[in-house]
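Here is a short report on one protein chain.

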Amino acid sequence: MRRDGRGRGASAAAATALVCALGVTAVPEAAYAVPDDPAPRPDAGGSGGSGGSEGSGTTSLEGVRSEIDALYRKAEKATDAYNLARERQTRQEKAIVKIARAVVKAQKEMSGLRKRAGAMARAQYRGGGMPAEARLLLNDDPSDFLNGVTLARKGQQATHGLMSRLERTQAALDRYAASASREWERLDGSRKKKAAAKRQITAKLAKAQRLESRLEKKERERLRRLEEDKARASQAKWLDTGILRELGAGATATGKRAVSFASAQIGKNYVWGAVGPDAYDCSGLTQRAWAVAGRSIPRTSQEQWRLLPKVGIGNMRPGDLIIYYPDASHVGMYVGNGAMVHAPRPGRQVTVAGAGSMPILGVVRPGA
């Protein structure tokens with residue numbers, strides 16, 4: 001799933017050039033405006049490949065592109081499910097450890113209480129089994145009697161307190177046992193969901209990679225150009241709405257830090273489930289960037305969309321997260337001038353793209 005793409009030197013140079021050109025928060029507008037004379041679309045008479053339905057011609061290659069794109073999107077959606085299940089599994093494992101520590105503490109307390117109860121029982125046995133009240137009534141010395149009343153009352157209070165603590169501790173142990181049982185069930189469910197998502201991911205990626213592998217080198221290049229053409233057309237349509245005239249707010253200090261980090265990752269590989277430092281998936285990149293900026297945000301693009309404050313697209317500013325597709329299966333970080341940084345898909349690297357190059361679901365803002 002990991003491909004080297006550009007050389008590390010070229011990646012570093014690209015990242016440095018971008019950050020310098022941005023002034024940390026913006027990108028050159030010309031890079032995301034549609035050129036007057038865009039690169040021509042592949043002609044219909046390209047060389048035929050060895051993949052049957054992936055034969056010559058733009059139409060058949062467009063079909064391959066659409067199928068590959070759909071497979072990668074399904075894999076990305078499954079990646080979100082995998083990441084969420086993994087996050088829940090981690091929380092549940094921590095909860096079980098916490099419960100286990102509480103159980104050990106309660107068991108130690110229970111052991112001590114039982115020893116005290118045993119000592120009281122032995123003391124009563126040594127007294128002939130006669131209740132303290134009866135011994136007091138048989139005492140002829142008034143002063144001893146009064147002192148005995150006080151001691152007996154204290155003894156009764158101590159016994160009552162001991163029994164109450166025993167009951168509370170036992171009840172706590174019962175609760176811990178029930179809680180641990182529930183957490184184990186949840187943990188088992190999370191593991192199963194994670195495993196199922198992993199199977200989906202690997203199956204979708206394997207199928208997409210098989211489709212690409214059937215294409216000749218020349219066709220693979222044409223496939224990449226088709227992807228770029230589609231993204232360029234979507235970006236042009238988005239820019240034609242005049243959206244850039246609405247966007248004017250600058251980034252906050254935390255937003256600048258998030259943009260700076262995300263931009264510095266350009267050229268690193270997309271790997272599903274990765275959160276850096278050498279590779280990322282789409283939400284892993286945005287989560288890590290905002291963590292470096294000092295804000296903790298959810299792990300997946302779907303949870304980022306569900307839980308973070310939403311803002312209108314016209315109010316978008318650098319550092320905000322753009323959520324894509326109706327199922328919120330992809331996310332990128334807006335960096336200014338109509339551009340965003342994102343980790344596109346397996347076989348690609350973290351890159352800058354047009355913010356409108358994919359269907360926008362909405363925008364969320366991690367930082368105030």
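Helices (H or I, at least four residues) and strands (E, at least two) are DSSP runs, numbered from the N terminus. Ser-283 lies in helix α8, residues 282–292. The model is predicted: local features need pLDDT of at least 70, side-chain atom pairs count only at pLDDT 80 or more, and totals for chains, interfaces and linings use all residues. Residues are numbered from 1 along each chain as its sequence is written, and side-chain values use heavy atoms, with hydrogens and water left out.

**Helix α8**

Buried means under 20% relative accessible area, exposed over 50%, and partly exposed in between (1.4 Å probe, protein chains only). Ser-283 counts as buried because its relative accessible area is 1%. Its side chain makes a polar contact of 2.9 Å with that of Arg-299. A polar contact is a pair of N or O atoms within 3.5 Å; within protein, one must be able to donate a hydrogen and the other to accept it, and residues adjacent in sequence count only if both atoms are side-chain atoms.

Which residues does Ser-283 touch, not counting residues up to four places away in sequence? They are Asp-80, Asn-83, Arg-299, Thr-300, Ser-301, Gln-304 and Val-331. Contact here means heavy atoms within 4.5 Å.

Gly-294 follows α8 and has a positive phi, near 105°.

**The sheet**

Six strands make an open, antiparallel sheet, ordered β3-β8-β4-β5-β6-β7. Its edge strands are β3 (310–311) and β7 (351–354), each pairing on one side only. Two strands pair if DSSP finds at least two bridges between them. Four bridges join β4 (residues 321–324) to β5 (residues 330–336), and these strands run antiparallel. Leu-321 has Met-333 of β5 as its bridge partner. Helix α7 (residues 253–264) packs on the sheet and touches β5 and β6 (339–342). The direction of α7 makes about 110° with that of β5. Axes are lines fitted to C-alpha atoms, for helices over the stretch in contact, and angles run from 0 to 180 degrees between N-to-C directions.

**Salt bridges**

A salt bridge is a side-chain nitrogen of Lys or Arg within 4 Å of a carboxyl oxygen of Asp or Glu. The count comes to 12.

| Pair | N to O distance |
|---|---|
| Glu-67 and Lys-207 | 4.0 Å |
| Arg-186 and Glu-183 | 2.9 Å |
| Arg-365 and Asp-320 | 2.9 Å |

Glu-67 and Lys-207 form a salt bridge with their closest N and O atoms 4.0 Å apart. The pair links distant parts of the chain, 140 residues apart: Glu-67 is in helix α2 (residues 58–126) and Lys-207 in helix α4 (residues 142–213). Glu-67 is partly exposed at 34% relative accessibility, and Lys-207 is partly exposed at 37%.

Arg-186 and Glu-183 sit three residues apart in helix α4, so about one helical turn separates them. Arg-186 is partly exposed at 45%, whereas Glu-183 is buried at 12%.

Arg-365 and Asp-320 join through a salt bridge of 2.9 Å, N to O. They link distant parts of the chain, 45 residues apart: Arg-365 is in the segment after β8 (360–364), and Asp-320 is in the loop between β3 and β4. Are these two residues buried or exposed? Arg-365 is buried at 16%, and Asp-320 is buried at 2%.

Glu-227, Arg-345 and Arg-348 are linked in a salt-bridge network.
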